[in-house]
Amino acid sequence: MLLCAVLYLCAAPLAHGLRIHEYLYFQVLSPGDIRYIFTATPAKDFGGVFNTRYEQIHLVPADPPEACGELSNGVFIQDQIALVERGGCSFLSKTRVVQEHGGRAVIIADNAYDNDSFYVEMIQDSTQRTADIPALFLLGRDGYMIRRSLEQHGLPWAIISIPVNVSSIPTYEMMQPPWTFW
């Protein structure tokens, strides 16, 4: 029975095309009401990797949220990480827009705000373009809750730590979003 449970848990992530080592974690440090560790998945075949750990960096919601063209708050995204919403253009196009504004990475949240369990595999579009910055996919519920908290507090960005090595955090100290099944 225990062996079946272990095999199921090991195979479950593969059912969605993901492996455990393909998850990347980040922690919101501020605002405090969403001080959780979030799970994201890297783009499958485009974008860079995190070679640097950022202890405190701004997570700036893009304006407009879909980031399919010029950003009105692009000056705030320079040297920071952009939070973008899915839709309107390809994942690669969004990543390139953030890169052109000097962003260090992009986190693309699903536009289905009730999505709290299904990760989308971000793949390159058919344009043969490339992007050098890391691109991550975030569940819609997580993205929505981050943006909602920022709006409630009148803040232009969150402060995050990325990537976070969750294997070094004792289970009792892991602050996970209460709305997400881990």
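Let's start with the sulfurs: Cys68 and Cys89 form a disulfide, with 2.3 Å between their sulfur atoms (a disulfide here is a pair of cysteine sulfur atoms within 2.5 Å). The link is left-handed, at -95° about the S-S bond. It ties together distant parts of the chain, 21 residues apart: Cys68 sits in the loop between strand S3 (54-61) and helix H2 (74-77), and Cys89 in the loop between strand S4 (81-85) and helix H3 (91-100). Searching the whole structure turns up one disulfide.

Before going on, note that this is a predicted model, where local features need pLDDT of at least 70, side-chain atom pairs count only at pLDDT 80 or more, and totals for chains, interfaces and linings use all residues. Residues are numbered from 1 along each chain as its sequence is written, and side-chain values use heavy atoms, leaving out hydrogens and water.

Buried means under 20% relative accessible area, exposed over 50%, and partly exposed in between (1.4 Å probe, protein chains only). Of the chain's 182 residues, 45% count as buried.

Zooming out, the chain has four helices and seven strands, taken as DSSP runs numbered from the N terminus (helices are H or I, at least four residues; strands are E, at least two).

Now for helix H4 (residues 140-153): its 14 residues reach 20 Å from first C-alpha to last, close to the 20 Å expected at 1.5 Å a residue, that is, 1.5 Å times one less than the number of residues. Its buried residues include Met145, Ile146 and Leu150. Just after H4, Gly154 takes a positive phi of about 65°.
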